[in-house]
Amino acid sequence: MGILKINHLLGLEGVSQNDLITILDTANSFRQILERPVKKVPTLRGKTIANLFFENSTRTRVSFELAEKRLSADTVNFSASGSSVSKGETLKDTVRNIEAMKIDMVVCRHSSPGAAKYLTECLDSVIINAGDGSHEHPTQGLLDIMTLREKLGDLEGKKIAIVGDIAFGRVALSNIYGLKTLGADVMVCGPSTLIPRNIEELGVKVSYRVEEAIEFADALNVLRIQLERQNGTGLFPTLREYNRFFGVSKERLKINPDVLILHPGPINRGVELDSDVADGNSSVILEQVTNGVAVRMAVLYLLSGGQEVTDEQI
Ligand code: CP
């Protein structure tokens, strides 16, 4: 038995404060390994992890694979493109065949909300959601929170604004659940067409003016406009218009020059975020990416039954 209450990581909804802190503290310990000349420990030797990506990814996929290798697990990578999915094989058949080759854990990205939960019903392996449609992206939420804690300390009462495509961005929901559990004061901001109705019920403030979000926040988590999920539904006139009203620019940040800038990537430069802000002194975007490997090491370790990390393990 591990020390987490959860057996799978499907989302941050319902994950207790205790479990969140355990994952974040474990990630801080593993973070040290990434700074060493030999970035490897034998912790997951003998475990086999399948990374199943039914949707494109750069950061999450490479980050999980590196995390697995840093922990000495055996890994196998599957992409839907080039697989028998193109011959009509179902998700259930695909994953059951891969599990029959004797694996222990599955990391899954899929375009359908609920896909990771569905896998818990088909498989005996531990399931980690690497992004399911517009639902959740829990390890992204965790790495954002790890970076915020590093920069701002305890998040109780800290003001975090999530700006952009709240309706279609899975990062928004995972951030909201995790941040609220840790006591942060959360605002979401974007055009009304990109903010889900009744989102206030999650305990967040809502603003339709990016200037208000910038003024409010200790940190801005700027989200990408998810054009691929909006199906050309015309939720705002043009990308240029979006940038004019909601783009985070150097000029706008004069309202609150010290605000910390996060973005989960990939960035649409010149749309939600201007280049000089993305690459500026207040940006912690690449630190988020580094922390992503540590967070994923922590999640893999703890869900495989790992206990509190000791000095001997790192
Ligand atoms: N942040 C994120 O999930 O990026 P990828 O889509 O490249 O994995």
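Predicted model: local features only at pLDDT ≥ 70, side-chain atom pairs only at ≥ 80, totals over all residues.
1. Ligand surroundings. The residues around the ligand are Ser57, Thr58, Arg59, Thr60, Arg109, His137, Gln140, Pro264 and Gly265.

2. On the side-chain side, an N or O atom of His137 lies 2.9 Å from a ligand oxygen, and an N or O atom in the Gln140 side chain lies 3.1 Å from a ligand nitrogen. Pro264 takes part through its backbone: one of its polar backbone atoms is 2.8 Å from a nitrogen atom of the ligand.

3. Helix α2 on α11. Helix α2 spans residues 59–70, and its axis is 8 Å from that of α11, at an angle of about 55 degrees. This angle makes α2 oblique to α11, and the crossing is right-handed.

4. Residues between α2 and α11. From α2, the contact involves Arg59, Thr60, Ser63, Phe64, Leu66, Ala67, Glu68 and Arg70; α11 supplies Val289, Gly292, Val293, Arg296, Met297 and Leu300. Sorted by class, this contact has 7 nonpolar, 3 polar and 4 charged residues. Arg59 and Thr60 of α2 meet α11, and Arg59 and Thr60 are also listed around the ligand.

5. Helix α1 on α11. Helix α1 (residues 17–33) and helix α11 (residues 285–303) have axes that come within 8 Å and cross at roughly 120 degrees. With that angle, α1 is oblique to α11. The crossing of α1 and α11 is right-handed.

6. Residues between α1 and α11. On α1, the residues in contact are Thr22, Ile23, Thr26, Ala27, Phe30, Arg31 and Ile33; on α11 they are Thr290, Asn291, Ala294, Val295, Met297, Ala298, Val299, Tyr301 and Leu302. The classes here are 11 nonpolar, 4 polar and 1 charged. Met297 of α11 meets α1, and Met297 also meets α2.

7. Cis peptide. The bond between Gly265 and Pro266 is cis, with omega about -10 degrees. Pro266 sits in the loop between β9 (260–262) and α10 (275–278). Gly265, one partner in this bond, is among the residues surrounding the ligand.

8. Positive phi. Which non-glycine residue has a positive phi? This is Ser72, with a phi of about 70 degrees. Ser72 belongs to the loop between α2 and β2 (74–79).

How values were computed: Residues numbered from 1 in each chain as written. Heavy atoms only, no water. Axes fitted to C-alpha atoms, helices over the stretch in contact; angles between N-to-C directions. Helix = DSSP H or I, 4+ residues; strand = E, 2+ residues; numbered from the N terminus. Parallel < 35°, antiparallel > 145°, perpendicular 65-115°, else oblique. Left-handed = near helix turned anticlockwise from the far one by under 90°. Contact = heavy atoms within 4.5 Å. Nonpolar A, V, L, I, M, F, W, Y, C, P; charged D, E, K, R; others polar. Near = heavy atom within 4 Å. Polar contact = N/O pair within 3.5 Å; in protein donor to acceptor, adjacent residues only side chain to side chain.
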